[in-house]
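Open the model in your viewer and keep the selection tool at hand. We will go stop by stop.

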Amino acid sequence: KLWKTGIEALKQVTKRYARKQNRWIKNRFLSRPGPSVPPVYGLEVSDVSKWEESVLEPALEIVRSFIQGHKPAATPVKMPSSETENKRSYHMCDLCDRIIIGDREWAAHMKSKSHLHQLKKRRRLDSDAITTIESQSISPDHDKELKEKGSLGQNDEELKSGV
């Protein structure tokens, strides 16, 4: 029983690792290709019984082509890109105090850990400020006294309307 449980756990971890590798390759090489990014080739790996003919031979052919300086017969994998995407658009992130050029880079920035961290920090500060304002509630009797004395200022009115 422990053996079977161990095998199942190993399969699950291996699948998770493979998904993580695929996601890393997609993000690093396919989503934002640059001049120094090599072409990525996809091979059919779903049928293990056809490993040599569907994986090994095509992979060796691609490597041989590169070594000999030829273009491989296989076509590299391309991510679908939008033609409407503006590569020179200018975006300013006030939260992170950064300038981002390009729609794809802007979308990546909006999902980045640093941006999300700044957003979380800002929300926490805003909620603390609201809590502080709510805790400083002014009683109606106190308002009357201040109005009679003439000391209820504009800031007190704004504070009261904010609560």
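Select Gly69 to begin. Gly69 follows helix α2, and its phi is positive, near 85 degrees. Helices here are DSSP runs of H or I with at least four residues, strands are E runs of at least two, and both are numbered from the N terminus. This is a predicted model, in which local features need pLDDT of at least 70, side-chain atom pairs count only at pLDDT 80 or more, and totals for chains, interfaces and linings use all residues. Residues are numbered from 1 along each chain as its sequence is written, and side-chain values use heavy atoms, leaving out hydrogens and water.

Now select α2 itself. The helix has 18 residues. From first C-alpha to last it reaches 24 Å, close to the 26 Å expected at 1.5 Å a residue. That expected span is 1.5 Å times one less than the number of residues.

Which residues of α2 are buried? Colour Ser54, Val55, Ile62 and Ser65. Buried means under 20% relative accessible area, exposed means over 50%, and partly exposed lies in between, with a 1.4 Å probe and protein chains only.

Next, the aromatic rings. The whole structure holds 2 aromatic pairs. Rings of Phe, Tyr and Trp (its six-membered ring) pair if their centres lie within 6.5 Å; planes under 30 degrees apart are stacked, over 60 edge-to-face, and the rest tilted. Select Trp24 and Phe29: this pair is edge-to-face, at 5.6 Å centre to centre and 85 degrees between the planes. Trp24 is exposed, at 52% relative accessibility.

Move to Tyr41 and Phe66. Their ring centres are 6.1 Å apart and their planes are at 70 degrees, so this pair is edge-to-face too. The pair links distant parts of the chain, 25 residues apart: Tyr41 sits in the loop between α1 (2-31) and α2 (51-68), Phe66 in helix α2. Tyr41 is buried at 18%, while Phe66 is partly exposed at 44%.

Now select strand β1, residues 90-93. His91 and Cys93 make up its covered face; Tyr90 and Met92 make up the uncovered one. In a regular strand, side chains alternate between the two faces of the sheet.

The strands pair in the antiparallel sense over 4 bridges; pairing requires at least two DSSP bridges. Tyr90 has Ile101 as its bridge partner in β2.

Last stop: Asp97, in the loop between β1 and β2. Is Asp97 buried or exposed? Asp97 is exposed, with a relative accessible area of 61%. Its phi is positive, near 60 degrees, in a residue other than glycine. Most residues other than glycine have a negative phi.
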